[in-house]
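Have the structure open while you read.

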Amino acid sequence: MPKGMPKGAPPKDMKPDFTSLKRAVKKFFEYFPVLGPVITVCILFASLVASIPAIFSQRILDIIENHVEARDWAAALSEIKPVILILVALYLLSIVAQVLQTQLMAFVTQSYLDKFRKEMFGGMQKLPIKFFDRNKFGDIMSYYTNDIDTLRQLISQTFPQLVQSAAVVTCVFAIMLYFSVWLTLVLVIGVIVMFIVTKKVGGGSAKFFIRQQKAVAETEGYIQEMMNGQKVVKVFNHEQEAIDEFIRINNTWGEVSTNAHSYSNILAPIIQNIGNILYVILALVGGIFIALNIPNVSLSGMVLDITVLVPFLNMAKQFTGNVNTLSQQVNFVVMASAGASRIFNLIDQEPEADEGYVTLVNVNIKPDGTLEETKERTNHWAWKHPHKADGTVTYQLLEGNVEMHDVDFAYVEGKQVLSDITLYAKPGQKVAFVGATGAGKTTITNLINRYYDIADGKIRYDGININKIAKADLRKSLGIVLQETNLFTGTVMDNIRYGLLEATDEECIAAAKLAGADDFITRLPDGYNTMLSNNGSNLSQGQRQLIAIARAAVANPPVMILDEATSSIDTRTEAIVQRGMDKLMEGRTVFVIAHRLSTVMNSDVIMVLDHGSIIERGTHDELIAQQGVYYQLYTGAFELE
């Protein structure tokens with residue numbers, strides 16, 4: 001390894017994959033079928049104009065040489081004048097082309113990124129929950145910031161320079177062959193040496209640039225994780241541990257980035273000096289050819305003299321300079337390739353499968369009891385079930401009858417989470433799940449709304465296999481209040497209306513009153529128009545939970561899932577919420593997950609889970625009489641973990 005090269009061997013497991021880069025460039029021309037080619041033509045025209053001064057300078061020198069003995073400067077000027085005018089006209093057109101190209105590029109670059117981000121975000125909304133369970137939020141954010149920025153640099157800077165340099169190299173090479181084949185061969189030998197040096201010295205940078213992209217994503221993921229968990233960090237005095245871990249991750253990023261740029265930056269002076277040496281060699285070889293009257297070989301049949309050698313040397317300088325530019329852009333291409341690979345990894349994720357064809361529609365109930373579909377919002381919903389066998393369509397009133405038959409499930413193959421789960425929840429029943437952490441309580445509710453699909457068994461909703469129900473319609477019929485409350489930037493009213501976007505202000509206020517949230521909301525500075533941000537950080541945990549309950553209430557679903565919905569509320573607030581919840585649960589099928597047994601005592605059926613199996617079921621009184629696990633939990637002889 002040459003002296004001064006960075007330490008650390010290039011990682012052999014990381015190789016640039018240019019397939020994604022080709023897709024990114026292809027999308028550019030798909031997005032801009034007219035502007036893309038126009039920009040390319042402008043770049044090529046400007047490159048062509050940049051390549052032809054040598055021809056004009058040779059012509060001017062030739063005219064001067066023809067008139068130097070007679071000293072007929074007027075005739076010389078007369079012949080030179082049209083040459084200069086043509087050159088000026090070409091340069092003016094080149095300026096117009098470059099201005100047009102830069103203005104169009106500024107527009108299409110941002111439009112390109114805008115379309116890409118929309119495609120990424122739109123696709124992300126269709127991904128299953130398991131994708132977000134398995135990927136850090138900070139890493140996902142890096143797709144939209146760091147990785148997308150590599151495409152910005154590719155389109156706005158690297159692509160134009162690559163096209164321009166490649167065009168100049170091609171044009172200049174052709175002109176040099178037109179001037180002298182022998183000198184061009186000498187130049188080709190020098191360029192081959194350049195490529196060998198480039199591969200030997202800078203070949204490792206590509207692999208480090210790929211690792212740099214991954215290191216950036218890891219760093220951003222860790223920062224996001226620490227920002228979300230800052231309270232926990234401070235409670236347990238883990239500030240120093242967090243700093244130490246960040247230093248480790250940041251050092252890794254710094255190391256691979258330093259190696260990448262060290263390999264990359266060392267090329268510039270090497271290539272530049274090889275170009276200077278090559279310039280001197282060409283001058284010596286050309287001088288020898290002229291001094292010894294060695295016949296010149298060229299496509300034009302020119303005699304090799306000073307009028308040919310001077311422009312040729314200028315072209316050689318231009319040629320090697322553009323070769324140097326091409327070699328420098330390779331590393332930016334690799335960075336863009338790494339970014340594009342990550343972006344298309346997100347875009348190519350399998351969307352959430354949905355083979356359902358049974359949909360949820362508004363209906364009117366006729367006097368004879370039959371159902372009639374309507375576009376207007378009513379208080380009645382029905383399942384619209386098209387039958388493939390005979391082409392008929394039937395309507396079944398949405399009631400909230402949920403059944404699970406012999407259900408097995410595993411998040412990871414081979415690690416069973418639920419085994420042989422069978423339960424019946426009739427319309428209007430309150431079903432409670434009790435058990436230790438990891439017993440499978442939340443998993444059951446995740447299966448009901450099809451965040452995950454079961455491995456074996458059947459789940460029926462109003463007698464319909466839920467695999468036949470379109471997921472969007474299935475979830476529209478369910479209201480969920482989670483332990484972790486998520487509020488969005490906007491007013492309190494906006495956050496309540498999130499449960500039903502077409503709900504009126506009056507309906508949102510009624511839902512808030514039902515949940516017991518109206519009292520504290522009206523005492524806020526702007527009442528229901530109070531702005532919330534940063535997940536409602538200006539509210540207490542209990543107040544945030546009340547808004548989440550109101551959000552579920554305004555949707556008015558027939559089935560409610562309450563996953564530790566009151567766990568973050570103090571006992572006094574819980575009593576207020578419980579009264580509202582009792583009203584909310586009237587006439588609905590309700591699944592309740594709770595650690596506080598006081599919240600499930602009035603349930604129609606309580607199910608005790610242990611390691612993914614239902615080990616006890618019955619009413620509160622029945623389970624107390626059995627004196628089993630539930631009895632031990634209630635009397636304090638056994639505690640939930």
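Which residues make a nonpolar surface patch of about 430 Å²? The patch consists of Ile84, Val88, Leu92, Ile95 and Val99. One of these, Ile95, sits in helix 4, which covers residues 73–124. Keep in mind throughout that this is a predicted model.

**Inside: the nonpolar cores**

In soluble globular proteins, nonpolar side chains tend to be buried together. Here the largest nonpolar core counts 42 residues. The ones with the most contacts inside this core are Val492, Ile496, Phe520, Ile521, Ile547 and Val600. Helix 17, residues 541–555, supplies the largest share of the core, with 8 residues. There is also another core lying apart from that one, made of 35 residues, and Ala425, Ile448, Tyr452 and Leu609 are among them.

Leaving out residues up to four places away in sequence, Val492 touches Ile521, Leu524, Gly527, Tyr528, Thr530, Leu532 and Ile547. Take Leu524 from that list: where does Leu524 lie? Leu524 is found in the loop between helix 16 (518–522) and strand 12 (531–532). Despite being in a loop, Leu524 counts as buried because its relative accessible area is 15%, and the cut-off for buried is under 20%. Setting aside neighbours within four places in sequence, Leu524 is in contact with Val492, Thr530 and Leu539. Leu524 and Val492 are 32 residues apart along the chain, and their C-alpha atoms are separated by 9.8 Å.

Strands of a sheet pair through backbone hydrogen bonds, either parallel or antiparallel. In this model there is an open sheet of 4 strands in the order 6-5-8-9, and the pairing is antiparallel. Strand 6 and strand 9 (464–465) are at the edges with a single partner strand each, so one side of each has no neighbour in the sheet.

Going across the sheet, strand 5 (residues 402–409) is joined to strand 6 (residues 418–425) by 5 bridges. Within that pairing, Val402 stands opposite Ala425 in strand 6. Ala425 has turned up already, as one of the residues of the 35-residue core. Strand 5 also pairs with strand 8 (residues 456–461), again antiparallel and over 5 bridges. There, Glu403 has Arg460 of strand 8 as its bridge partner. Strand 8 then pairs with strand 9 over 2 bridges, and Arg460 has Asn465 as its bridge partner in strand 9.

**Charged pairs**

Side chains of opposite charge can pair when their charged atoms come close. How many salt bridges does the model have? The count comes to 13.

| Asp147 | Arg342 | 2.6 Å |

Start with Asp147 and Arg342. This pair links distant parts of the chain, with Asp147 in helix 6 and Arg342 in helix 11 (residues 306–347), 195 residues apart. Are the two partners buried or exposed? Asp147 is buried, at 0% relative accessible area, and Arg342 counts as buried too, at 11%.

Helix 6, residues 137–179, also holds Thr158. Thr158 is buried as well, with 0% relative accessibility. Leaving out residues up to four places away in sequence, the contacts of Thr158 are Gln153, Gln329, Phe332 and Val333.

The second pair is a local one: Glu245 and Arg248 are 3 residues apart in helix 9 (residues 239–265), so about one helical turn separates them. Glu245 is partly exposed at 29%, and Arg248 is partly exposed at 44%.

Glu352 has a relative accessible area of 21%, which makes it partly exposed, and Arg475 is partly exposed at 25%. Lys471 joins in as well: Glu352, Lys471 and Arg475 are linked in a network of salt bridges.

Technical notes: Residues numbered from 1 in each chain as written. Predicted model: local features only at pLDDT ≥ 70, side-chain atom pairs only at ≥ 80, totals over all residues. Heavy atoms only, no water. Core = buried A, V, L, I, M, F, W, Y, C linked by side-chain atoms within 4.5 Å. Buried < 20%, exposed > 50% of the residue type's maximum accessible area, 1.4 Å probe, protein only. Contact = heavy atoms within 4.5 Å. Patch = residues over 30% accessible without salt bridge, like charges linked within 9 Å, V, L, I, M, F, W, Y side chains within 5 Å. Areas by Shrake-Rupley, 256 points an atom, 1.4 Å probe, with all protein chains shown as cover. Salt bridge = Lys/Arg side-chain N within 4 Å of Asp/Glu carboxyl O. Pairing = 2+ DSSP bridges.
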